[in-house]
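This report goes through a structure by topic. Please look at the sequence and the model before reading on.

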Number of protein chains: 2
Amino acid sequence: MTAVIPPSVAAARGLVEPVLRDAVARLDPLTSRVAAYHLGWADPAGLPAASGGKALRPALAILSARAAGGGQEQGLPVAAAVELVHAFSLLHDDIMDGDRMRRHRPAAWTVFGCSAAILAGDALLSLAGELLLEEGGLPGLRAARHLAVATRELIAGQALDLEFEQLAEVSLAECRRMSTQKTGSLLACACSIGATVVNGPAPLVAALTAFGTEAGLAFQLVDDLLGIWGSPETTGKPVLSDLRARKKSLPIVAALTSDTPAGERLARLLADPLPLSESDLRDAARLVEEAGGRAWAETEAKHRLDAAEHHLAGADMPPDVRAEFLDIVRFLTSRGH
Amino acid sequence: MTAVIPPSVAAARGLVEPVLRDAVARLDPLTSRVAAYHLGWADPAGLPAASGGKALRPALAILSARAAGGGQEQGLPVAAAVELVHAFSLLHDDIMDGDRMRRHRPAAWTVFGCSAAILAGDALLSLAGELLLEEGGLPGLRAARHLAVATRELIAGQALDLEFEQLAEVSLAECRRMSTQKTGSLLACACSIGATVVNGPAPLVAALTAFGTEAGLAFQLVDDLLGIWGSPETTGKPVLSDLRARKKSLPIVAALTSDTPAGERLARLLADPLPLSESDLRDAARLVEEAGGRAWAETEAKHRLDAAEHHLAGADMPPDVRAEFLDIVRFLTSRGH
């Protein structure tokens, strides 16, 4: 079943979008045009469109302010800033990874060119900091520092991902570290930055960070499964896209390092310098499954979700906030199933 | 004559480099390797080298703290942060502009690839904010806000520059606005951010901003002149490089909009879709001169320098600080003459 978007996520989108639009309106005409397209508000010609992301990170950021006793309005600037950093990273990652599709539409760099997409990503990253700092005072300072450290981690994860492209072999531990940095760090930041802003107690910030890190890893595992077995309707990308791009995603690395005949056959197939045919790709997906990569990723996603729930259960927060956190993380990890 | 590097610039380099090295050491191995190369501390293999920039912006930032009565140590974090933003912008601009040489060496993207260079630029931009914010307290907050706004302007200037590539005609006013944003905004920030950090009086911050904006424009005019008539020893780039790249720099746009026969011949030459021969390039340089573009840029650089000195004279600061500011800005605008 495809899970229904939790009400708190839909509400967060409605709250954060005006803040994001105001912020993007400060940018010069070129980068604001690219940003409006990338964020799903405009088509390539700049005409209004509606195909934006789901505002999961903003919803988590707002919840995290409420977890520490703050109001949702205190979470709004951080929610917008986290979404801007997320948008920056997708813009630049698509260029680096050569990904031509994003959310069922051509990636921004294929529409506006690499230079404009690089510059728009730069603008969004810088704008995220500007937005937090103009709130003034120490809450904005704490939030901006929190976000800057998470951004450094996010970049470190993407750096590992780039380095993997040059390596013949990647261990499961390295791959997990990459996913933790690339997906876990910003999700952990989203889950805890609201609590940082309202100066919540350190144990709560730590528990929410641990919750977000585990949830991020569970989310990445599900995303990696979709990258092989997801339908284009769910992923917005072609079928078997991660195998097509020979990405070293978690289920693929689990299969490659499984020490099984299927894992060895998969390694030989992916090492072939010639382009993979559709039939090769289907074989590769079957070999990942046969080598246990699919089952491992499914079980691991469940374990990470359990660990996330455990951290959440141990944190002191209003019961309705905890329930909404759970709703979102379960939604995140049930897409396309 | 080639001016001698002012002592305050050499001193600033010695003070700021350890701060920069500490900051860059936090980054992941890939982006810190690219950054160390780009900043001139390492060769492509990561072995020590010494070919970094001149630390002009850090020297200005430190002076600006002293102008407001602060110590040079109060200017160090902002000096490092401004240099990181400058390094980020050069890294990304070289990719966007297709510039293959930077400071007598191959540009980072030609050595490490576009993806690694994009990511390293991202890392440096984010690190600049992180550095300022960890100082804690309101001075860091003020500085980070100041730098974020200047970065937005800098990006707007680069956006205009990218848009110029698509335009058949660019007016001198548009070209000047682009240069003011692209070069003036970060130089103005360097000249005033130290005063912001030590909470200097608003009129001083305003005067230093105006001084830096005019100095930045003077600097850009000189740089544009060097981009046509500078020797490779001075510029670190091939001769006639701006004409080769058909850049719409200030002297070129002044010539194109001069309403002279030479300006019209220049326009026809540059509009030719075929690659320009060495003889075409020499002709183009001669036409810029004949159309008055060179004389205009030289006079304009002098006017901007005068305006900068006027703003400096009107600002209240210790005489030795004023003298060092003057030294630097005169050095900036006398390179290669």
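Which element gives the most to the lining of the largest cavity? The model examined here is a predicted one. In this model the element is H6(B), with six residues in the lining.

## The largest cavity

Nine cavities of 30 Å³ or more are present in the structure. The largest cavity holds about 290 Å³ of space. Its lining is made up of 21 residues, and those closest to the centre are Leu125(A) and Gly129(A) from one chain, with Leu125(B), Ser126(B) and Gly129(B) from the other. Rolling a probe the size of a water molecule over the atoms is what shows where empty space is left.

Both chains supply elements to this lining. Those that give two or more residues are helix H6 (114–133) and helix H7 (137–166) of chain A, together with helix H6 (114–133) and helix H7 (137–166) of chain B. By residue class, the lining has 15 nonpolar and six polar residues, and no charged ones.

## How the two chains are related

Two copies of a chain are related by a rotation about an axis and a shift along it.

Ala81(A) is located in helix H4 (residues 72–97) of chain A. Its relative accessibility is 0%, so Ala81(A) counts as buried. Leaving out residues up to four places away in sequence, Ala81(A) touches Ala128(A), Leu131(A), Leu132(A) and Leu147(A).

## Helix H16 and the segment after it

Phe331(A) belongs to helix H16 of chain A. With 6% relative accessibility, Phe331(A) counts as buried. Between Phe331(A) and Thr196(A) there are 135 residues in sequence and 25 Å in space, C-alpha to C-alpha.

Ser334(A) is in the segment after helix H16 (319–332) of chain A. Is Ser334(A) buried or exposed? Ser334(A) has a relative accessible area of 14%, so the residue is buried. A polar atom of the Ser334(A) side chain lies 3.0 Å from the backbone oxygen of Arg330(A).

## Two residues with positive phi

Most residues other than glycine have a negative phi. Asn199(A) is not a glycine, yet its phi is positive, at about 60°. Asn199(A) is placed in the loop between helix H8 (172–197) and helix H9 (202–229) of chain A. With 54% relative accessibility, Asn199(A) counts as exposed.

Ala55(B), also a residue other than glycine, has a positive phi near 60°. This alanine is in the loop between helix H2 (29–38) and helix H3 (56–67) of chain B. Ala55(B) is buried, with a relative accessible area of 7%, whereas Asn199(A) is exposed.

Key
Residues numbered from 1 in each chain as written. Chains lettered and ligands numbered in written order. Predicted model: local features only at pLDDT ≥ 70, side-chain atom pairs only at ≥ 80, totals over all residues. Heavy atoms only, no water. Helix = DSSP H or I, 4+ residues; strand = E, 2+ residues; numbered from the N terminus. Buried < 20%, exposed > 50% of the residue type's maximum accessible area, 1.4 Å probe, protein only. Polar contact = N/O pair within 3.5 Å; in protein donor to acceptor, adjacent residues only side chain to side chain. 1 Å grid on protein atoms, 1.4 Å probe; cavity = no way out; pocket = protein on both sides within 12 Å on 5 of 7 lines; lining within 4 Å. Points joined across faces, edges and corners; volume = space filled by probe spheres on them. Nonpolar A, V, L, I, M, F, W, Y, C, P; charged D, E, K, R; others polar. Contact = heavy atoms within 4.5 Å.
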